[in-house]
Amino acid sequence: MKRKRISDKMEKALNDQMTREAYQAQIYLSYASWAEVNSFTGIATFLYKHAHEEREHMFKFLKYINDRGGETKIEAIKAPPANPANIGDCLNKVLDHEIGNSTHIDNIVNLAHQEKDWASFNFGQYFVKEQIEEEALINGLLDKYDLASSDKSKNVNFYQLDKDLSAASQEGTLPREENF
Ligand code: FEO
């Protein structure tokens, strides 16, 4: 039996976040399927890949809780929200979900700081960085969408955007990682 190295409060916060990451995966999965059905195969590919990444986040929380002697509780995942109205709406909603998720991650880091739980503080930093990347990534896609939609007469712009997204990276680039 491992000795428990996180507080009950931290254990609950981490478990809640694990379930939230699973919910994030459901959102990406449902939006991906919506995009595929509506023939945006590129964005569907991008969103399917990202659903997988959110499942990996969920798994990281699971492993961390167990490694620290806590107990993982696998709970029901709520249903994803309604389908978006269009690609712009889809990207805006994804960004809203990511910003909401960043707030939850910040709360965990704040709790770790309050409790002087430096292991959880360190663990949380991975996700702080991840959220910066994800918000930057989706913001970048929204910029591309705005560019593509600025000339309504050119559907070819959307076609190209969709094609580009199928090969788009899942990682944003942080300024500190740029080679100057
Ligand atoms: Fe795991 Fe997109 O947050």
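Which residue just after α2 takes a positive phi? That is G69, with a phi of about 80°. Keep in mind that this is a predicted model.

Now α2 itself. The helix runs over 41–67 and has 27 residues. From its first C-alpha to its last it reaches 39 Å, close to the 39 Å expected at 1.5 Å a residue.

Two packed helices are described by the angle between their axes and the distance between the axes. Here the axes of α2 and α4 come within 12 Å and cross at roughly 170°. Angles over 145 degrees count as roughly antiparallel, so α2 is roughly antiparallel to α4. On the α2 side the contact is made by F46, H50, E53, E54, H57, K60, F61 and Y64. On the α4 side the residues include F123, Y126, F127, E130, E134 and I138. By class, the residues of this contact divide into ten nonpolar, three polar and five charged.

On to the cores. The largest nonpolar core has 25 residues, and I43, L47, L91 and I138 have the most contacts inside it.

What is L47 in contact with, leaving aside its neighbours within four places in sequence? The list is Y28, Y31, A32, C90 and V94.

Notes: Residues are numbered from 1 along each chain as its sequence is written. This is a predicted model: local features need pLDDT of at least 70, side-chain atom pairs count only at pLDDT 80 or more; totals for chains, interfaces and linings use all residues. Side-chain values use heavy atoms; hydrogens and water are left out. A nonpolar core is a set of buried Ala, Val, Leu, Ile, Met, Phe, Trp, Tyr and Cys residues joined through side-chain atoms within 4.5 Å. Buried means under 20% relative accessible area, exposed over 50%, partly exposed in between (1.4 Å probe, protein chains only). Helices (H or I, at least four residues) and strands (E, at least two) are DSSP runs, numbered from the N terminus. Contact means heavy atoms within 4.5 Å. The expected span of a helix is 1.5 Å times one less than its number of residues. Axes are lines fitted to C-alpha atoms, for helices over the stretch in contact, and angles run from 0 to 180 degrees between N-to-C directions. Angles under 35 degrees count as roughly parallel, over 145 as roughly antiparallel, 65 to 115 as roughly perpendicular and the rest as oblique. Ala, Val, Leu, Ile, Met, Phe, Trp, Tyr, Cys and Pro count as nonpolar, Asp, Glu, Lys and Arg as charged, and the others, Gly among them, as polar.
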